[in-house]
Amino acid sequence: MPINNDRRLEIEAALASEVSKFNSRTRRRLLQLLGDPPRLENLTPDVYREIAEDLTQVLNTPLESTFIEAANALMDNIGFMGVNTDLINEGAVTWARNYVPTLTNGMIDHRQQATAGYVADFFEGKYDRAGLEDRIARLYSPEKAAQIAITESTRAANEGQRPVIEELESEGVIMRGVFQTVSDSFVCPICQPLNGEVSQVEGFDTRFTSNNKDFRMPPLHVGCRCLVSFEYQE
């Protein structure tokens with residue numbers, strides 16, 4: 001495994017804490033700006049742009065660090081230290097720079113649309129002010145923070161193995177991925193049948209098959225905790 005489960009739980013908890021702080025301050029800001037009675041026009045595109053930028057800053061460094069830790073853990077696990085530290089660090093920065101803003105923009109766009117719908121429902125009398133605040137709070141809840149932390153830590157831990165696998169491949173050493181669930185009572189019906197499955201293709205761009213469906217590198221869904229370990233091929 002690129003990162004052992006105990007360590008990954010620590011990473012997830014730390015990230016969930018930071019996202020929860022972001023959620024709390026964002027929720028307070030939105031409700032204050034919205035006013036009473038709510039005025040949706042107060043939540044301008046600039047407000048949501050700033051919120052997305054804030055979330056990007058919250059996620060960037062922890063995900064870069066997880067990427068780097070996963071790369072180093074893989075090298076330790078397979079006894080290969082042939083990837084330059086600068087190359088791994090550069091890979092982490094490049095991946096996060098390309099991925100995280102797209103992720104956060106999508107998250108905040110979804111929440112913006114949901115908030116607009118809640119305000120419309122409020123004016124249609126479907127619920128009172130407390131009901132409106134409760135629905136907005138759910139968008140920025142500790143549970144949402146935990147889901148983000150688990151899903152994106154999983155993604156960074158898997159993605160961090162890429163520079164190591166690609167460097168080995170450039171030297172003629174072929175690796176093949178093995179799907180690994182946490183194997184506890186929370187494993188979902190999607191991932192459980194894949195546990196222990198060997199990728200049908202070599203290298204980092206894995207492909208696993210279950211019930212005649214193909215799956216790529218996890219996370220396969222929100223809250224997915226599955227990782228891919230890599231083994232040498234003869």
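Helices (H or I, at least four residues) and strands (E, at least two) are DSSP runs, numbered from the N terminus. This is a predicted model: local features need pLDDT of at least 70, side-chain atom pairs count only at pLDDT 80 or more, and totals for chains, interfaces and linings use all residues. Residues are numbered from 1 along each chain as its sequence is written, and side-chain values use heavy atoms, with hydrogens and water left out.

**View 1. Glu64 sits in helix 2, residues 45–78.** Glu64 is buried (under 20% relative accessible area; exposed is over 50%, partly exposed in between; 1.4 Å probe, protein chains only). Its contacts (heavy atoms within 4.5 Å) include Ala92, Val93 and Ala96, with residues up to four places away in sequence not counted.

**View 2. Glu64 has no salt bridge.** A salt bridge is a side-chain nitrogen of Lys or Arg within 4 Å of a carboxyl oxygen of Asp or Glu. Lys and Arg count as positive, Asp and Glu as negative; His and the chain ends are not counted.

**View 3. The chain holds six helices and four strands.** From the N terminus, the elements run α-α-α-α-α-α-β-β-β-β. The C-alpha trace spans about 70 × 40 × 25 Å along its principal axes. Of the 234 residues, 44% are buried. Among contacts with a separation of 6 or more, 72% join residues 24 or more positions apart.
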